[in-house]
Amino acid sequence: MTDYLADVQKYDSGADEAVVNKIVRHLGIALRNKDSALVSATDPKELERVREKWCEKKLGIGGAEADVAIAATAKAMAEDRSKSRVTFYYLVAKELGKLQAI
């Protein structure tokens, strides 16, 4: 099993383990498949899915605010060719100030 907390800590050294675990539980079975466990930041359909399913549905934030957070996260993780969905979702939530809402 992947060490999701260690991956998140590459971008946020003070990452909250409880929040990371909640994201892992939220994603559930999707993390078993390598393709769905990663985010393709260059695929517009993938980023739309992140906005709809994560930002709007789970965090309650949509539109331009969600798009800005997604873009900032993609930029922060640009050097990482395999962007973990758990880490990506964590950083988007952090960017939106919604970590405690998870």
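A polar contact is a pair of N or O atoms within 3.5 Å; within protein, one atom must be able to donate a hydrogen and the other to accept it, and residues adjacent in sequence count only if both atoms are side-chain atoms. The model is predicted, so local features need pLDDT of at least 70 and side-chain atom pairs count only at pLDDT 80 or more, while totals for chains, interfaces and linings use all residues. Residues are numbered from 1 along each chain as its sequence is written, and side-chain values use heavy atoms, with hydrogens and water left out.

**View 1. Glu46 and its partner Arg85.** Glu46 belongs to helix H3; helices (H or I, at least four residues) and strands (E, at least two) are DSSP runs, numbered from the N terminus. The side chains of Glu46 and Arg85 form a polar contact at 2.4 Å. Glu46 counts as buried because its relative accessibility is 7%; buried means under 20% relative accessible area, exposed over 50% and partly exposed in between (1.4 Å probe, protein chains only). Beyond its neighbours within four places in sequence, Glu46 is in contact with Leu38, Val39, Ser40 and Arg85, where contact means heavy atoms within 4.5 Å.

**View 2. Helix H3 and its packing.** Helix H3 spans residues 44-56, and its buried residues are Glu46, Val50, Arg51, Trp54 and Cys55. These buried residues pack against helix H2 (17-27), strand E1 (38-39), helix H4 (63-76) and helix H5 (85-95).

**View 3. Asp7 in helix H1.** Asp7 lies in helix H1, which covers residues 4-9. With a relative accessibility of 13%, Asp7 counts as buried. The side chain of Asp7 makes a polar contact of 3.0 Å with the side chain of Lys10. The C-alpha atoms of Asp7 and Phe88 are separated by 9.9 Å, although the two residues stand 81 residues apart along the chain.

**View 4. The setting of these sites in the whole chain.** The protein chain has five helices and two strands, in the order α-α-β-α-α-β-α from the N terminus. Buried residues account for 41% of its 102 residues. Of the contacts with a separation of 6 or more, 62% join residues 24 or more positions apart.
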